[in-house]
Amino acid sequence: MKYPFKRVIIDIGNYFFVRRTIKNNMNSIEWNKFKLRVDWIGRIYTVVNLPPEVIYSPDTPEEIRPAYVIEESRPLNEYLTKLGLSEVILPEITPIPKSISYLITYTPSFQRLSLRWIFYRIGLILLIIYLQYKFGFLSWIGGLIKSLFDVIF
């Protein structure tokens, strides 16, 4: 049996774990060594600059640049694994326009919780409130359940 609400609770717990870990390690030596920054959502990000030999070498194709960035981010990934964040964050590597740098963003991963899930639940609650206000929906459902129990038992 699936329990989607349980998965949402786990997602929220993981998010608060990420926020707490960030807060506890924000001023550590290793955090500053990797020049990590955090935004208000809880994403961790840093910039990796490509060296001139990767950029200006004629025999190095452009497709090798992300591989170099991944190789350079390996110590950072090991540090985040040491903090216990490797299972609850997802990395994203994007090139910075008009630059020789790449932005690495680590975002908390949500398996079930999403804006769609939140808006669906809010819409459902608003619909129930409207039906209750307009038609006495909940009292009608309560009366229906009571009459069913009276018939069965």
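1. Asn49 stands opposite Ser101 in strand S4, and Thr46 stands opposite Ile104 in S4. Strand S2 (44-49) and strand S4 (residues 101-108) run antiparallel and are joined by six bridges. Helices and strands are named here as DSSP runs, helices being H or I of at least four residues and strands E of at least two, numbered from the N terminus. Two strands are taken as paired if DSSP finds at least two bridges between them.

2. The model is a predicted one, in which local features need pLDDT of at least 70 and side-chain atom pairs count only at pLDDT 80 or more, while totals for chains, interfaces and linings use all residues. Residues are numbered from 1 along each chain as its sequence is written, and side-chain values use heavy atoms, with hydrogens and water left out.

3. The sheet is open and has four strands in the order S1-S2-S4-S3, with antiparallel pairing. Strand S1 (37-38) and strand S3 (89-95) are the edge strands, each with a single partner, so one side of each has no neighbour in the sheet.

4. S1 and S2 are joined by two bridges and run antiparallel, with Val38 placed opposite Ile44 in S2. Their hairpin has five residues between the strands, and Gly42 takes a positive phi near 110 degrees there. S3 and S4, also antiparallel, are joined by seven bridges, and Leu103 in S4 is the bridge partner of Thr94.

5. Which residues make up the covered face of S2, and which the uncovered one? Ile44, Thr46 and Val48 form the covered face, whereas Tyr45, Val47 and Asn49 form the uncovered face.

6. Helix H4 (64-72) touches S2, S3 and S4, and its direction makes about 60 degrees with that of S4. Helix H5 (74-82) lies across S2, S3 and S4 and runs at about 15 degrees to S4. Contact means heavy atoms within 4.5 Å. Axes are lines fitted to C-alpha atoms, for helices over the stretch in contact, and angles run from 0 to 180 degrees between N-to-C directions.

7. Most residues other than glycine have a negative phi. Lys35, however, has a positive phi of about 55 degrees; this residue is in the loop between helix H2 (29-33) and S1. Lys35 is exposed, with a relative accessible area of 58%. Lys98 takes a positive phi near 55 degrees in the hairpin of S3 and S4, which has five residues between the strands. Lys98 is likewise exposed, at 90% relative accessibility. Relative accessible area (1.4 Å probe, protein chains only) is classed as buried under 20%, exposed over 50% and partly exposed in between.

8. The largest pocket has a volume of about 290 Å³. Its lining comprises 14 residues, of which Phe34, Thr46, Val47, Val48 and Asn49 lie nearest its centre. S2, H4 and H5 are the elements that give two or more residues to this lining, and the largest share, four residues, comes from S2. A pocket is an open set of points on a 1 Å grid over the protein atoms alone, where a 1.4 Å probe fits, with protein on both sides within 12 Å along at least five of seven lines; lining residues have an atom within 4 Å of a point. Grid points are joined across faces, edges and corners, and a volume is the space filled by probe spheres set on the points.

9. The second largest pocket has a volume of about 200 Å³. Ile12, Tyr15, Ile41, Phe110, Leu113, Ser114, Leu115 and Ile118 line this pocket, and helix H1 (4-25) and helix H6 (115-135) are the elements that give two or more residues to the lining.

10. How many residues of each class line the two pockets? The lining of the largest pocket has seven nonpolar, three polar and four charged residues. The lining of the second largest pocket has seven nonpolar, one polar and no charged residues. Ala, Val, Leu, Ile, Met, Phe, Trp, Tyr, Cys and Pro count as nonpolar, Asp, Glu, Lys and Arg as charged, and the others, Gly among them, as polar.

11. Phe110, one of the residues lining the second largest pocket, is found in the loop between S4 and H6. Phe110 is partly exposed, at 37% relative accessibility. Leaving aside neighbours within four places in sequence, Phe110 is in contact with Asp11 and Tyr15.
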